Amino acid sequence: MRSLYLAALSAIAFALSASASPLVKRANPEGIDVSHYQGTINWNTVKSHGVVFAYIKATEGTTYLDPKFSANYEGATKAGIIRGGYHFAHPDSSSGAAQAKYFLAHGGGWSGDGITLPGAIDLEDRLSSAGCYGLTASQMVSWIKDFSNTYHSKTSPQLSHIFPVIYTTTSWWIQCTGNSAAFASTNPLWIAHWASSIGPLPAGWKYTTFWQYADSGPNPGDQDKFNGDLAGLKRLASG
């Protein structure tokens, strides 16, 4: 990626091609992503298992607050885990800007303190929604840009390189955005692919910053890796 922020990550990331390739064995920090579905989490135990970062569900749409967000965020912080919030997108219910503002007001903010990850937007279909939320590919791209640009402008006016992390699957991205490459130069990618290798990436991204490699494991929630080393993860959290 081409901004200073993402270029720094580039130096520590793997050169992942658009074809399936295994993750090279390096010191890739382990992480998890969680919500209220995991119940009460003992964050000190999670830390003792080697988890060093976590994404914690904060919001959905413009009406839903995850009831465990505050407890999880505070617990992760006290345990010394690098953490950030994520927002489950509802592109069919309100504008991207409205949802970005709601997310920022309820746990999705960022500060370059070395322990707060940029907020993430979770882009996948809900079981109760129409495919791609009834939007065309161009409409979906516009919606994501609205969210991303609003988050960017409200979060880091002094740091032009802070954009939300995009969580998705390659199949959803192809189907619902037409495999848009419009975000690859600004937004870090968090790819979900439950397998032994990362697999093909959406258009434009040469590597993924985070990889959700399993939906269960030795720690609560989904299992993740950062694509780099601990120093790189801390740089991401520092801006």
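Residues are numbered from 1 along each chain as its sequence is written, and side-chain values use heavy atoms, with hydrogens and water left out. Because the model is predicted, local features need pLDDT of at least 70 and side-chain atom pairs count only at pLDDT 80 or more, whereas totals for chains, interfaces and linings use all residues.

The largest pocket has a volume of about 600 Å³. A pocket is an open set of points on a 1 Å grid over the protein atoms alone, where a 1.4 Å probe fits, with protein on both sides within 12 Å along at least five of seven lines. Grid points are joined across faces, edges and corners, and the volume is the space filled by probe spheres set on the points. The lining, made of residues with an atom within 4 Å of a point, comprises 24 residues, of which F88, D122, E124, Y167 and D222 lie nearest the centre of the pocket. Two or more lining residues come from each of β1 (30–34), β2 (51–60), β4 (82–88) and β7 (189–192). Helices (H or I, at least four residues) and strands (E, at least two) are DSSP runs, numbered from the N terminus. By class, nine lining residues are nonpolar, six polar and nine charged; Ala, Val, Leu, Ile, Met, Phe, Trp, Tyr, Cys and Pro count as nonpolar, Asp, Glu, Lys and Arg as charged, and the others, Gly among them, as polar.

H87 belongs to strand β4. H87 is classed as buried because its relative accessibility is 0%, where buried means under 20% relative accessible area (1.4 Å probe, protein chains only). The side chains of H87 and T59 form a polar contact at 2.7 Å. Such a contact is a pair of N or O atoms within 3.5 Å; within protein, one must be able to donate a hydrogen and the other to accept it, and residues adjacent in sequence count only if both atoms are side-chain atoms. Beyond four places in sequence, H87 touches residues including Q99, F103, D122 and F147, contact being heavy atoms within 4.5 Å.

F147 is also one of the buried residues of α5, among them M140, W143, I144 and Y151. These buried residues pack against β4, α4 (96–105), β5, β6 (165–168) and α6 (170–177). Helix α5 has 19 residues and spans 27 Å from its first C-alpha to its last, close to the expected 27 Å, which is 1.5 Å times one less than the number of residues.

Helix α3 (residues 69–78) contains A76 and Y73. A76 is buried at a relative accessible area of 0%, and Y73 is buried at 16%. A76 touches W43, I56, I81 and R83, residues up to four places away in sequence being left aside. With the same exclusion, Y73 is in contact with I56, R83, G84, G85 and T116. The side chain of Y73 also makes a polar contact with that of R83 (3.1 Å). The C-alpha atoms of Y73 and G107 are 8.7 Å apart, at a sequence separation of 34 residues.

The loop between β5 (120–122) and α5 (137–155) holds C132, and Y133 is found in the loop between β5 and α5. Phi is near 60° for C132 and near 60° for Y133. Most residues other than glycine have a negative phi. C132 counts as buried at 5% relative accessibility, as does Y133 at 5%.

Notes. Buried means under 20% relative accessible area, exposed over 50%, partly exposed in between (1.4 Å probe, protein chains only).
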